[in-house]
Amino acid sequence: MTGSTAPHGAPAPLLRLRGVSRTYGERKALLPLDLDLEPGTCTALFGHNGSGKSTLLRIACGRDEPTSGTARFAGRKISEDDPEVRARVAVVGDTVATYPDLTVREHLELVTVAHAVEDAGAWIDEVLADRRLSGHAQALPGSLSSGQLQSLLLAAALVRPRDLLVLDEPEQRLDPDARVRLAELLNGEKRDGVAVLLATHQPELAETVADRMIALEDGRVIAEGPPAEVLGELGLRG
Ligand SMILES: Nc1ncnc2c1ncn2[C@@H]1O[C@H](COP(=O)(O)OP(=O)(O)OP(=O)(O)O)[C@@H](O)[C@H]1O
């Protein structure tokens, strides 16, 4: 699915943003920027509250349209209304949205049915175990801790097919052990050829998983490059 190749032989970017900006009324949430994301790579967005990370992620997954510029996924304008985008782009948002009357397992079953996943039972068991949720499979969301709810959001993205994984601060509410396992998970996604785009407030996560880091401030790119270099520029590293 991700095997397209650019004319010069390098993998074609799965996600290509060109001159993308977003304005809300008078507020410039995002100034024009470019971003290419290739299969099997991870780009991390970093910046203070309100710097524009979620705005960029919403455009990248087709939930919002840029005020200017173009956002393309696999060569076509990205929109979450596009069945191909819904089939290939998995999103872990920054807010927890669950059905209060469905168990943890039923949430994941719902996702696998929607995405026509075959042999979903065993796969759901595996994802539940990886996210340390096996003992809560029959629990309703209201009885979960905030970290367990976050793990459920991650699990819902993992039980379905995906070529692009977009995550908004996936480390939030997770304990240190779960954060280490999150980094392992994202590196595994890259090995599987998934393109990963995440916003994070955790420099260690960016350094462990990201090939490229984009630091934003007031909607503007203030540093961009390998995470160690960007964190150095920001004075957040040795
Ligand atoms: N729907 C909206 N209407 C008006 N302004 C918005 C809207 N969404 C975001 N903004 C503004 O755009 C700017 C960027 O917000 P955004 O949510 O992208 O920041 P962020 O970097 O993700 O912050 P955080 O780290 O707090 O999640 C902020 O000034 C915010 O107030």
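Four strands make up an open sheet with antiparallel pairing, in the order β2-β1-β4-β5. Strands here are DSSP E runs of at least two residues and helices are H or I runs of at least four, numbered from the N terminus; two strands pair if DSSP finds at least two bridges between them. At the edges lie β2 and β5, each of which pairs on one side only.

The model is predicted: local features need pLDDT of at least 70, side-chain atom pairs count only at pLDDT 80 or more, and totals for chains, interfaces and linings use all residues. Residues are numbered from 1 along each chain as its sequence is written.

| Element | Residues |
|---|---|
| β1 | 15-24 |
| β2 | 27-37 |
| β4 | 68-73 |
| β5 | 76-77 |

Seven bridges join β1 and β2 in the antiparallel sense. Y24 has R27 of β2 as its bridge partner. Helix α1 packs on the sheet and touches β1, β2 and β4 (contact: C-beta atoms, placed from the backbone, within 7 Å). The direction of α1 makes about 125 degrees with that of β1, with axes fitted to C-alpha atoms, for helices over the stretch in contact, and angles running from 0 to 180 degrees between N-to-C directions.

Y24 and R27 also belong to the ligand's surroundings, together with A29, G47, N49, G50, S51, G52, K53, S54 and T55. Near means that the C-beta atom, placed from the backbone, lies within 6 Å of the molecule. With three residues, α1 gives the most to this shell. By class, the shell holds two nonpolar, seven polar and two charged residues, where Gly counts as polar.

V166 touches L57, A60, C61, V89, V91 and L197, leaving aside residues up to four places away in sequence.

How values were computed:
Contact = placed C-beta atoms within 7 Å.
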